[in-house]
Structure formats: C-alpha cells, structure tokens
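Here are my comments on the model you sent. Please read them with the structure open.

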Amino acid sequence: MAADLRPEVVLLDFWVSPFGQRCRIALAEKGVPYEYREEDLLNKGDLLLRSNPVHKKIPVLLHAGRPVCESLAIVQYVDEAWPDAAPPLLPRDDDPYARAQARFWADYIDKKIYDCQTRLWKLKGDAQEQAKKDLIEVLETLEAELTGKPYFGGDNFGFVDVALVPFTSWFPTYEKLGGFSVEKCCPKIVAWAKLCRERESVAMALTDPDKVFEFVQFLQSKFGVKQ
C-alpha cells in the first residue's frame, strides 16, 4: 500500500492577512513544518469552504486533516499541540490568572484594531477622523499595558505579542490615511514592534508595509472609496 504523502500540517491563508500571519509566527516559533496554501478570497476554494463552513474565512489550520479555525484559536492550538517544541506562547497552566490576562488582551486586539483600521481606509471626513481617534486610543491603551516590559507577557515573547505584531506592518498605512505619527503617539509600541521584528519568526511572516499600502489602495478602488 502506497504511503500517505499528504502533509501533516496545512495552513490556508492569504498573504497580507494579519490573522494568518499570527498563525505563521506561532508555527515558526514552535518549529512546526507545514504547507502554506494561498487562498483566492474572491474565489474561495472547496477545501476552505469545507474546512470553515461557518465563517468561510482564512486562516484555517489543518492538522492531520482536522480543521482549526480562527487565528487566536489556531495560535493557542499550536501552543498546546506542540507543548515541548519551544517555550510556551501562553503562560503555564499553573498561572491561570496570567493566561486569562493574555487571552483578555488578545481578544481586545481582535475586537478593536481591525475595526478601527477598516473604518480608517473605508471612510472619509468626520467618520475617518473618528476612526483615527479610536485607533490612537486603542494603541495608547495597549502602550499603557506594555509599559515597563519588553513584551506584553514580560521578558518573553508570547501570545499577546503574536496577536498584535502583524498589525504593525499596517502602521505606515494608518499614518498615510490618518495624517498622524504612531511613534509620536505611542513610542513604546513602536520600540516593541522593532524588538519583535528582530525575531526570525516575525520578520519572515510580516508583509512589507509598502505592499500593505498598495493592497489598501486596491481595496479602496474595489469599494469605490475616493482617495
């Protein structure tokens, strides 16, 4: 009987997605080999639709054919499925408070950052100005949580860092659209982003900021947003 040559781990993803980049970073941190499959989000493939029939979105991690959906769930799954591969991304089980805090901040990032950035590129006038103010407030809140620590969890790169760092490639786009400086508003966040980018897992996963801006211009054209 022929050997099964299907890859053990497959990631269905889209190149510019900060959510997919979280998964790539987690897999790299754990040293897990995987096959990357780029999805056409305008013409979603059968495997994606079968694997995530509820939301029909990337990223999806397939491990031995079983799908795991939603980026934060995937990052946590990778952390738990390969517990001995590298230091944990989430705090140890014997520190439930720290684990709860990490989940809280990752959830905060999920609910706030993407909403603000979408409104920033999709809206104009007063609505766009409000989106900018909201985004700055979110970044300032995260900076306050980061103060006094190299990483959100302390001395070690972890779950909250993985959740936020892909959005840093979008910072120059925020600045161009909103007419402000992230570094002036949140210098500690910018310093943290530079520290994170020194990690190979992060440097390899994050999109070139110029490519991000080109993608946003494509979205604005697609949705009829006047530039």
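The points below go from the whole chain down to single residues.

1. Basis. This is a predicted model, so to speak of local features takes a pLDDT of at least 70, side-chain atom pairs count only at pLDDT 80 or more, and totals for chains, interfaces and linings use all residues. Residues are numbered from 1 along each chain as its sequence is written, and side-chain values use heavy atoms, with hydrogens and water left out.

2. Overall fold. The chain has eleven helices and four strands. Helices (H or I, at least four residues) and strands (E, at least two) are DSSP runs, numbered from the N terminus. The radius of gyration is 18 Å, close to the 17 Å of the globule rule for 227 residues, so the chain is as compact as a globular protein of that length. That radius is taken over C-alpha atoms, and the rule is 2.2 Å times the number of residues to the power 0.38. The C-alpha trace spans about 65 × 45 × 30 Å along its principal axes.

3. Of the 227 residues, 47% count as buried. Buried means under 20% relative accessible area, exposed over 50%, and partly exposed in between (1.4 Å probe, protein chains only). Take contacts (heavy atoms within 4.5 Å). Among those between residues at least 6 apart in sequence, 67% join residues at least 24 apart.

4. UniProt, in an unreviewed entry, places "domain: GST N-terminal" at residues 7–86. That stretch is 38% helix and 21% strand, with its end C-alpha atoms 21 Å apart. The record lists "domain: GST C-terminal", also from an unreviewed entry, at residues 95–223. Here the figures are 76% helix and 0% strand, and the end C-alpha atoms are 46 Å apart. UniProt positions follow the numbering used here, feature names are shortened, and annotations may be inferred rather than shown by experiment.

5. Helix H9. Which residues of H9 (187–197) are buried? They are Ile189, Val190, Trp192, Ala193 and Cys196. Seen down the axis of H9, these buried residues fall within an arc of 160°, so they line one face of the helix. The arc is that of the directions from the helix axis to the C-beta atoms. An α-helix has 3.6 residues a turn, so residues three or four places apart point the same way. The cover over the buried residues of H9 includes H5 (125–146), H7 (171–178) and H10 (200–205).

6. Strands S3 (60–63) and S4 (66–69) run antiparallel and are joined by four bridges. DSSP must find at least two bridges for strands to pair. His63 stands opposite Arg66. Two residues lie between the strands. Ala64, in that loop, is exposed at 52% relative accessible area.

7. Backbone points to check. Most residues other than glycine have a negative phi, and most peptide bonds are trans. Ala64 has a positive phi, near 55°. Glu70 also has a positive phi, near 75°; Glu70 sits in the loop between S4 and H3 (71–81) and is partly exposed at 39%. The peptide bond from Ile58 to Pro59 is cis, with omega near 0°. Pro59 is in the loop between H2 (46–51) and S3.

8. For Cys186, the nearest is that of Cys185, at 5.7 Å. Cys116 is buried at 2% relative accessibility, and Cys186 is buried at 0%.

Technical notes:
A disulfide is a pair of cysteine sulfur atoms within 2.5 Å.
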